[in-house]
Amino acid sequence: MSATPPTPPTSPTAAELTARTREFLAAHPPADTDRATFLRARFDAGLAWVHYPEGLGGLAASRTLQAVVDAELEAAGAPDNDPRRIGIGLGMAAPTILAYGTEEQKQRFLRPLWVGEEVWCQLFSEPGAGSDLAALGTRAVRDGDTWVVDGQKVWTSSAHTARWAILIARTDPDLPKHQGITYFLCDMTDPGVEVRPLRQITGEAEFNEVFLTGVRIPDSHRLGAVGQGWEVARTTLMNERVSIGGMRIPREGGMIAPVAAAWRARPELRTHALHDRLLTLWTEAEVARLAAERLRQQLAAGRPGPEGSGMKLTFARLNQEISGLEVELLAEEGLLYGDWTMRRPELVDFTGRDAGYRYLRAKGNSIEGGTSEVLLNIVAERVLGLPSEPRDDKDLPWKDLAR
């Protein structure tokens, strides 16, 4: 007599999620519950990211149903987990840990990451690798049950506030550059980790250099197999581009918002030429917003694809063109820059402060999260299906590459 196969779990419906969320709110009234306690309880109830598995902050539901939960919580005045402060953890580290982590790693890291008790940064870019991330030279050498890491990373957002980092390092220099890379979870408080500020064109130091000298990482903090690092990193990168290019913003939100507001409030600044440019950019911003919404809906069906690279490209181009238009619209006033005080911000803020800040900060949008040149290659090869760019270093051992 054959055994009856187990019944697969059933995803909750929107109505069931609404009822579940209201029950949760009744048990944890936001006005009477400590913020951290509320967020931990929300994770444990499976209402953090509903598409994650049960026990890891979710209910194995459709990603699109997260909006149902969020609407109920927002209407009740519930606190959020400050996603602008922990965006790297939420958008890049979490989906990678979910895809490649061991059960122990998922249980250890996902809850404090989502609650915001542990901030994450990304130790990928290196000064000697430029846009060719796979050329990285940071080494990790195995010593028993630990790995000893030496190298330098650069342009690391939030390293000055991070407790943990996702890190890729070369573990076999005899293999071609896309092989012999391994992915680790690095404790930023470990001896040998040194963070130095990088002052930017805006005057603030949102980015950092990170020096790694004899940092010992236990093998239990390796993510994926030895030598699988490039594959794991690609999952992070695809999520990063969706996270940046596919941000949820309201209609006439983001960079176009202050320009449209100035246009309505300051009729003396208007010209026909500026009017035409504003209409064009307003329309493009709206198209980008709707395309980002469609991309998020596609994500509900699986892993992020190369389409996120196209959205990241659009995000960077539009931000730079719109912030340039704002400076022209405001004329001399737009050239003023309010404050050059050295700051170490905890939040990534593309649109804060004044027009001069927005114009200068937008310059970095075509570098962070993958340079526009690299993303154009990805779109050409993986979206449009054009022939690959000729590469003469693909099969050479990394140690033999010219540097």
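User: How should I read the packing of helix 2 and helix 5, and at what angle do they meet?

Analyst: Two packed helices are described by the angle between their axes and the distance between the axes. Here helix 2 (residues 35–44) packs against helix 5 at about 135 degrees, with axes 9 Å apart. Helix 2 is therefore oblique to helix 5. Angles under 35 degrees count as roughly parallel, over 145 as roughly antiparallel, 65 to 115 as roughly perpendicular, and the rest as oblique. Axes are lines fitted to C-alpha atoms, for helices over the stretch in contact, with angles running from 0 to 180 degrees between N-to-C directions. Helices are DSSP runs (H or I, at least four residues) and strands are runs of E (at least two), numbered from the N terminus.

This is a predicted model: local features need pLDDT of at least 70 and side-chain atom pairs pLDDT 80 or more, while totals for chains, interfaces and linings use all residues. Residues are numbered from 1 along each chain as its sequence is written, and side-chain values use heavy atoms, leaving out hydrogens and water.

User: Which residues make the contact of helix 2 with helix 5?

Analyst: Ala36, Leu39, Arg40, Arg42, Phe43 and Asp44 of helix 2 meet Leu110, Arg111, Trp114 and Val115 of helix 5. Contact means heavy atoms within 4.5 Å. By class, there are six nonpolar, no polar and four charged residues. Ala, Val, Leu, Ile, Met, Phe, Trp, Tyr, Cys and Pro count as nonpolar, Asp, Glu, Lys and Arg as charged, and the others, Gly among them, as polar.

User: How do helix 4 and helix 5 pack, and how far apart are their axes?

Analyst: Helix 4 (residues 87–100) and helix 5 (residues 103–115) pack at about 165 degrees, their axes 10 Å apart. The two are therefore roughly antiparallel. On the helix 4 side are Gly89, Leu90, Ala93, Ala94, Ile97 and Leu98, and they meet Gln105, Lys106, Phe109, Leu110, Leu113 and Trp114 in helix 5. That contact divides into nine nonpolar, two polar and one charged.

User: What about the domains: how many residues of domain 2 and domain 3 are in contact?

Analyst: The domain assignment, which is automatic or from a database, gives domain 1 (23–80), domain 2 (120–226) and domain 3 (247–384). In domain 2, 13 residues are in contact with 17 residues of domain 3. The centres of domain 2 and domain 3, taken over C-alpha atoms, are 29 Å apart.
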